[in-house]
Amino acid sequence: ILGLLLGLINPYILTRSKQKEFEENIEKEVPEMLEVFNFYITSGRTLEDTLDLTSENIGPNLTPYMKKMVTNMLVQSKEEAITLLGEELAFNQNVVIFSSALKQAIKGYTDTLHNFVAMQSKLHVQLKNEQIERIIMQMPTKFSMVSAVLIIAMIMFLVVPVFTNVFSGMDVFIGM
């Protein structure tokens, strides 16, 4: 009975864990995609060229979806292709917002797209910096006893003899 129960539950658990891993991988690739997109769009490329170049220069999990969107833009309306991307990756809020900004850019509101991508790039850099600072703050600051003994020994053997020699000759100068 236990084997039968595990046999029924195991595929669900495996599928769910693979889905979660996929979503995490997409989550990691989206900021990179936004940075690459921002780079190409600010370099003066057209929206279509930017999307095509971006789809070729991002992570392996997001690439098929972006390439599919670029291909669908040639076959059907641009808005439908972008909507499909947003629906396929609806679990990621940044992709949904990006899709919405793309639709507005196609309608002529390019400022919305530029502002969104620039804001996302800045946010990503800020989050990385905060993560680095958090890691540094969590690092333990240890001063070992060995280091302390070595420093004290260095003072005893190097500094004290110098001061002894300097101050032992002071009586000659004082008596003059």
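1. Helix 1 passes helix 5 in a left-handed crossing, where left-handed means that the near helix is turned anticlockwise from the far one by less than a right angle, and right-handed that it is turned clockwise. Helix 1 covers residues 2–42, and its axis comes within 10 Å of that of helix 5, the two crossing at roughly 25°. That makes helix 1 roughly parallel to helix 5, given that angles under 35 degrees count as roughly parallel, over 145 as roughly antiparallel, 65 to 115 as roughly perpendicular and the rest as oblique. The contact is made by Val 30, Met 33, Leu 34 and Phe 37 on the side of helix 1, and by Asn 94, Val 95, Phe 98 and Leu 102 on the side of helix 5; contact here means heavy atoms within 4.5 Å. The axes are lines fitted to C-alpha atoms, for helices over the stretch in contact, with angles running from 0 to 180 degrees between N-to-C directions.

2. On the basis of the model: this is a predicted structure, in which local features need pLDDT of at least 70 and side-chain atom pairs count only at pLDDT 80 or more, while totals for chains, interfaces and linings use all residues. Residues are numbered from 1 along each chain as its sequence is written, and side-chain values use heavy atoms, with hydrogens and water left out.

3. As to the overall architecture, the chain has eight helices and zero strands, helices (H or I, at least four residues) and strands (E, at least two) being DSSP runs numbered from the N terminus. Of the 176 residues in the chain, 24% are buried, where buried means under 20% relative accessible area, exposed over 50%, and partly exposed in between (1.4 Å probe, protein chains only). The chain exposes about 12600 Å², of which carbon and sulfur atoms supply 64%, with areas taken from the Shrake-Rupley method and a 1.4 Å probe. Among contacts with a separation of 6 or more, 48% come from residues 24 or more positions apart.

4. Helix 1 also packs against helix 2, at an angle of about 140° and with the axes 9 Å apart. That makes helix 1 oblique to helix 2, and the crossing of these two helices is right-handed. The contact is made by Met 33, Val 36, Phe 37, Tyr 40 and Ile 41 of helix 1 together with Leu 47, Thr 50, Leu 51, Leu 53 and Thr 54 of helix 2.

5. Within helix 2 (residues 47–56), the buried residues are Leu 47, Thr 50, Leu 51, Thr 54 and Ser 55. Seen down the axis of helix 2, they fall within an arc of 130°, so they line one face of the helix; the arc is that of the directions from the helix axis to the C-beta atoms. An α-helix has 3.6 residues a turn, so residues three or four places apart point the same way.

6. The axes of helix 3 and helix 4 come within 8 Å and cross at roughly 160°, and the two helices are therefore roughly antiparallel to each other. The contact is made by Tyr 65, Met 66, Lys 68, Met 69, Asn 72 and Met 73 of helix 3, and by Lys 78, Ala 81, Ile 82, Leu 84, Leu 85 and Glu 88 of helix 4. This crossing is right-handed.

7. In helix 4 (residues 78–88), Ala 81, Ile 82, Leu 85 and Gly 86 are buried. Viewed down the axis of helix 4, these residues fall within an arc of 140°, so they line one face of the helix. What covers them includes helix 3 and helix 5.

8. Leu 85, in helix 4, counts as buried because its relative accessibility is 2%, and beyond its neighbours within four places in sequence it is in contact with Tyr 65, Met 66, Met 69, Val 95 and Ser 99. Asn 72, in helix 3 (residues 63–75), is buried with a relative accessible area of 16%; leaving aside neighbours within four places, Asn 72 is in contact with Ser 77, Ala 81 and Leu 84. Ile 106, in helix 5 (residues 93–106), counts as partly exposed at 31% relative accessibility. With neighbours within four places set aside, Ile 106 is in contact with Leu 47, Met 73, Lys 78 and Ile 82, and Leu 47 is 59 residues away from Ile 106 in sequence but 8.3 Å away in space, C-alpha to C-alpha.
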